[in-house]
Structure formats: C-alpha cells, structure tokens
Amino acid sequence: MLDALTHIGTLHYLLVAAILFLIGMIGVITRRNVMIIFMCIELMLSAVNLNLLAFSRLWGLHGQVFALFIAADAAAEAAVGLGILIAFFRNRTTVNVDEVDLLKW
Amino acid sequence: MPPSSTDYVRILPEIVLAVWGMAVMFAEPLLGPHTSRKGLGVFAALGCLLALGATVFQAQPAYAGFGFYNMLRVDHFSVFFHCVVILVALSTTLMSLDYLPAHKIDKGEYYALILLGAVGMCLMSSAVELVLIFIALEISSIASYILAGFRRHSAESTESAMKYFLLGSFATAFFLYGVALLFGATGSTNVFRIAEVLNTSAHIEPLAYIAVALIFTGLGFKVACAPFHIWTPDVYEGAPSPVVAFMSTAPKAAAFAVLIRLVIDTASPNWFWVIWVAAVLSMSVGNLGAILQSNIKRMLAYSSIAHAGYLMVAFASASNRELGISAAMFYSAAYAAMNVGAFAVISHMAGSHERFSSIDDYAGLGRRSPALAAALTFFLLSLIGIPITGGFFAKFYVFSAALRTHLIWLTLIGLVNSGMGSYYYLRVIVKMYMNEPRTTAPVPPVRLGVGLAIAISLIATLWLGVWPNAILHYTQGAPTILAGK
C-alpha cells in the first residue's frame, strides 16, 4: 500500500491525465462563457500532452516530440479562436453560448 | 542523411500549393485598398492547376513508396485523393472570383486560406505517421474555421465560425487523446508499425479499444457522420456558399482517407460495429432532417450527413478490401463533384448577404434562367442517384459491395433511405419547373468563373456516370498496396 503511494509509475501519470481530460470535457459541456469553454479545451490538450510524456518513459522520444507539436498547434488554435471570438463579439456583443442562437434546427 | 530529391517529388503538390498560398499572402498587402483581388484569385487557380500537374507527375511508378523517413507514402490511394482535393480547391477558387466582390469581402487571404487548407488535406491523404496526420488535420481545420467566418460583418457567418471552431477543437482533443493512447498501446506512431503490432500480438491491450473509439469520435466529427453531426447544419447555413462547397467535400474526403488508413487499414479492434451503427444513424438522421428544411443550404447540409452514411456503408464492407475501399474512394469523388456543382449554382443565386437561400427562392428558376436550373437539376438528380450521373454508380458500387460482403440489413436500410432522400431533392426540382417565380427580377448573368466551376463539376459528374471504368480500375489498384500487401 505504502509502496503504491511512494513509487510514482506511468499509471499514475495516466490517471492524472484522464482526470484532467474529464475536467476539461465537463467544463466544455457545462460552462456558458465562450472564453472558459476555450480554456477547458486547452485543458484537454494538456491532458493529451501529459499522456504522451508518460508513454515516452516506456517507448522513447516519439511522444515528447509529438507533445511539442501539440503545444505549437494549441497556440495556433488559440490565435484563430480569439480572432473568431472578437469577430463574433463585434456582431452580437455577447460571449455567452446561450445567446449564440441565430442558426438552429 | 538529408532527404533525397525523390522525397521532394513525393510532396511536390504540397510544396506548390504552399508556395502559391504564401505568395498570395505576400502580394495581398502590396495591392491598394480599392484594387480588385480577382488577379490573386486567378493566380491561385493557376497554382491549383500546377499542383494538379505535380500530382500527375508524382503518380509515375518511379515515385511510389515511402518518403521523408516513412512519414508519408505516395500510392494510388494518395494520388487519387490529391486529385479530388485539388480539383475541389480549383472549382472553389473559380466560383469565388465574383462571389467575393459581390459580398464586399474581396480579400486575398481568402484564396491563400483555400490553398493552404488544401495543403493540409493533401498531406492527410498521404501521411502514414500519426504526428503528420495530426498536423495535416489541423492545417486543414484551422483554415476551414477562418473561412467559415469570412463574412465577418454578418452575425450568421461569425456564429457559424464560432460553432465550428469550438466543436472542432473539442473533437480534435478527443482525436488526440485517442492517438496518445494508441501510441501507448502499440509503442509506435507509424501506421504500418501499429498495424503490425495489432495484427501479430496475441493479446490486444484494452487501451487500444478505447483509443480506436476516441479516434473515431474525432474523425467522425470531421466527416460529419451521426452522432457527431450536430454542428453541420448550423455551420453550412451560416458560412459563405463557396466555402461550404469547399468544406463539405475536400476535408471530408481527406478525413475519410485518414479513417481508411488509421482505423480500417490497421485492422483496429472492433471497428466493424462502430461503423455499422454510424452508417445507419447518419443515413436516417440526414434524410429525415433534410425533409423538414426550408433553407437550401441547410437541406444540403443534412443531405451531406446522409451521404457520409452511405460512405460508411462502403467502409462496413471493407472486410472485402478491394470492394469496400474502392467503392468508398469512388463515392467520395462522385460526392465531391456533384456537391461542389450544386453549391456553385447556390453561391451564384445567393445574392448580396446570402438573401436568396430559401428553397422558395428557387421557384420558377426553370423560366428565369433555364441553364442554371438545368445544371442544378442535374446535380440534384446525381445526389439522388439517377443513372448516367456519377451519383448512380457511386451508390451502385457501395450497395453491391455491401451485398457481396453479406450485409443484407445495411443494404436494405440504405436503399430505403435513398428512396426517402429522393423526396427532398425532387421537391426543389418541382419548385424550379412547376411553380410561379416569386420575383420578376432577372437572375444575374453567369460570369466566367462560376461558369467554369459549374462546367468542371458537370463534366466530372457526367464522366463518373458514363465512363466510370477508368476511375474504378484506378481505385481498385489502391487497396492492394495499402498496408504493404
């Protein structure tokens, strides 16, 4: 029992990543502010990075390189996402997803 | 060891598209604020033609095989999807030449984004390395997010971009999580190595099952198959019509290519029932949803969900590799041809601020503009699957592949759905020819750009419907060389 707590193995990292991913997912589903939804998606991407790094301990450097690419992609996505958010805000003056309702059914 | 010159030939179409895209970006600020950007559009169309030439050059047997240290692979499969994507990009560029000034969004970035998005889609079809697949997927997605919101002073367009962006990056996160788990379960990021591990090891890690489910969630979003289709109608309704022509066909074809390479070709565990259920759901949801629509773009959005379902039927029969995969490839090409054509007509009819996008606005088009009405009728008949159109043979090959792999129920459900689908396409045709026009205002004359785009789609649809053998023969060469068999 004590050994499981003191010795940190790959599985622990995977569990933390899974929890982080779930927190992000629940946030995307329940939050109403676009900015916070956006941050929750970033949280999910961090969970993926943590996973890749943990697996790198088993399989070698591939995972770490992949994580670098994901970090770069997250930055590109953030830039585009904020641009779209600003364009939307100029038209509707709101960032609440409940009011994103021009197009439905 | 530096990459050889053969390696560069293997990404030659991508190089051409990327260089052209960046050249358009650099030229854009040099033009004055009131200069027309049509020249840039023509320049971009030229780039597409060159990239098409590069693909043909690359198709020589000497260049087939792996390139860039097993990152990508040039084969029948990749060359086929390159041609589809580049032709769609070309038609979209041509139909945008007059659309952009009419909607006061005449900006050079638009053409650059189409070209750069096409780079991502081309790479998706040739990538065999998870990292490259992911990067290519993101290049294509990010370009599509921006294009969807390109009418940035319109609330509808920005709303559609925002919905697309939020749900798209949400789906990407699932895809990535799946990819990470697949790496963990197999110890490799190379598709062929993964296939080897999954096929040879006696015990498959439970992680691999979760990974396949997550990857399918992410890709299912990109191809708009049910139950991941919710975004499609909203995004297609709000986005500019030429952009919808682009993103309802090219990224979809590319995502199907990834699906084939990553899920079906690696013989991932348990993919069959997932695909089966997705096929039935997509066909039913798409066709039932389309019947209720009054906006033509929204109707075609639901129809694109239904068509993703028919494609899934082809995938479900991929246990017979030759039949299933070649039917899927043929279907994605035929769908691209007819859908781009339909949206070319719609983008011409849209009017300023996309006012005329209700089905009622098409009433009496047969008298107001016989040529446009005839073209739209032809594309709609092809979407139904009437003989001498590409849509007929596409459906025929898909359902015969399903029958030959003994998927009787799936075929039956598909045929019932096809019948249901013909109702809403025919409704538009009836409106065009049998109802009185709503306005007497003349339809604006068809300019060269839109005309060429319609002509390309028309020829492609007709060609696939009358002489399908050459294309079919080519697609049948693809599955045998996938997975190194």
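Chain B has 485 residues, and a compact globule of that length would have a radius of gyration near 23 Å; the 21 Å of chain B agrees with that. (That radius is taken over C-alpha atoms, and the globule rule is 2.2 Å times the number of residues to the power 0.38.) Keep in mind that this is a predicted model, where local features need pLDDT of at least 70, side-chain atom pairs count only at pLDDT 80 or more, and totals for chains, interfaces and linings use all residues. Residues are numbered from 1 along each chain as its sequence is written, chains are lettered from A and ligands numbered from 1 in the order in which they are written, and side-chain values use heavy atoms, without hydrogens and water.

On to the overall picture. The C-alpha trace of chain B spans about 70 × 55 × 40 Å along its principal axes. Its secondary structure comes to 21 helices and 2 strands, taken as DSSP runs numbered from the N terminus (H or I of at least four residues for helices, E of at least two for strands). Of the 485 residues, 66% are buried, meaning under 20% relative accessible area with a 1.4 Å probe and protein chains only. Among contacts in chain B with a separation of 6 or more, 81% join residues 24 or more positions apart; a contact is heavy atoms within 4.5 Å.

Now for the inside. The largest nonpolar core has 210 residues, and those with the most contacts inside it are Phe66(A), Phe175(B), Leu262(B), Met312(B) and Phe315(B). Helix H15 of chain B, residues 321-349, gives the most to this core, with 19 residues. (Such a core is a set of buried Ala, Val, Leu, Ile, Met, Phe, Trp, Tyr and Cys residues joined through side-chain atoms within 4.5 Å.) Leaving out neighbours within four places in sequence, Phe175(B) is in contact with residues including Ile133(B), Phe134(B), Leu214(B) and Leu262(B).

Helix H10 of chain B, residues 231-238, is mostly covered, with 7 of its 8 residues buried. Among them are Trp231(B), Asp234(B) and Tyr236(B). The buried residues of H10(B) pack against helices H7, H9, H11, H12 and H14 of chain B.

Further along, Ile471(B) sits in helix H21, residues 468-481. Ile471(B) counts as buried because its relative accessibility is 16%. Not counting residues up to four places away in sequence, Ile471(B) touches Phe80(B), Phe330(B), Trp463(B) and Leu464(B). Met329(B) is 142 residues from Ile471(B) along the chain, yet their C-alpha atoms are separated by 9.6 Å.

Conventions:
Buried < 20%, exposed > 50% of the residue type's maximum accessible area, 1.4 Å probe, protein only.
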